[in-house]
Amino acid sequence: MLCAQLQNICYNMYTSHIISQLLESTPCISSINIVRLKTASQIQDSCRPWNQKEKEIFKNAVLMRSNFKIPFWSSLMISNMENENWSKSCILAANRHNKNDDYLVLSPKQFRLHISDLEQSGYGINSCVTLFDGSIRHIPMIDFHIGKSKINEDIVCTVCKSLIPDGGYIIDSGNSYHFIGKKLITTSQLLTLLAKSILFTPIVDEIWVAHQIIERSCTLRIGLKNGLLPTLIRTI
C-alpha cells in the first residue's frame, strides 16, 4: 500500500509505489517505459571452448567474489591477470550486452492500474519518460553492489547525497541497494550521473553502469526476485 506520508523508513512501500508517487508529483509525464527483463546468459554459454583452463579461472573468480565481496566480472578479470593460463574467451565474454528492447509504454494511469501484475512478473522500470510536450527526461537511478548492513546503508546514503543532491529513495534490492531520485533530469545529466557514479566503484555496480550507458537509459527491477520486492528503507 502507498504510504500517506514518507517517513525516514516506510515499510511496505516498493519501487512500483515510488514510481507511482513520482508520477503523481510530476503531472507533466505522459508516458513511461516498462521493460520485460531478460535472463542473462551464463558465461559458459558464450565462452567457447569451455575447457579445463576456463573452468579453473571461473572457479577462482567465484571464490574471489565470495571472499572479497567484489563483482563477478571484476573477479574474473583479476583471475586472468598475471596468469599464464589466461583465457581470451573468458575476458571477451564480458563484452556482451542484452539490449532492452521489450518495452511496454504506459500512461501514468495504466501503470497504476497494473502495479500488482508488474510486481508479480519480471519487469523493470526504465528511466526514460516522455513529457506531454514530447520531450524526453529521465528518472535518476543508481544500482549498488555493496552488501547490506547498517554501516553500508549509511555509506550508500552518503554516496547518493553526493551524486543526487535533490534527494530520492534508498531501496533494499534484496542483496544490495537501489536508488531512485525525486527530480527528473535530461539525458546528458543522466550520462554525467552514471559516469560520476563509477568513481564510487565497487560500492556502485560498475557493470550495471556500463550497460546503462550503452542503452542511454537506466533500468531497475520492480518485480519479485527470490520472493521479495525491492522495498523502500530510507528517503534523503
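**Aromatic cluster.** I looked up the rings and found that W50, F58, F72 and W73 form one aromatic cluster. I note that this is a predicted model, where local features need pLDDT of at least 70, side-chain atom pairs count only at pLDDT 80 or more, and totals for chains, interfaces and linings use all residues. Residues are numbered from 1 along each chain as its sequence is written, and side-chain values use heavy atoms, with hydrogens and water left out.

**Ring pairs.** I found three aromatic pairs in the structure. Rings of Phe, Tyr and Trp (its six-membered ring) pair if their centres lie within 6.5 Å; planes under 30 degrees apart are stacked, over 60 edge-to-face, and the rest tilted. W50 and F58 have ring centres 5.7 Å apart and planes at 70°, so I logged the pair as edge-to-face. For F72 and W73 the centres are 5.3 Å apart and the planes at 75°, so this pair is edge-to-face too.

**Cover.** W50 has 21% relative accessibility, so I put W50 down as partly exposed. F58 has 24% and counts as partly exposed.

**Whole chain.** I read that 46% of the 236 residues count as buried. The C-alpha atoms fill a box of roughly 60 × 35 × 35 Å along the principal axes. I also checked contacts (heavy atoms within 4.5 Å). Of those with a separation of 6 or more, 72% join residues 24 or more positions apart.

Technical notes:
Buried < 20%, exposed > 50% of the residue type's maximum accessible area, 1.4 Å probe, protein only.
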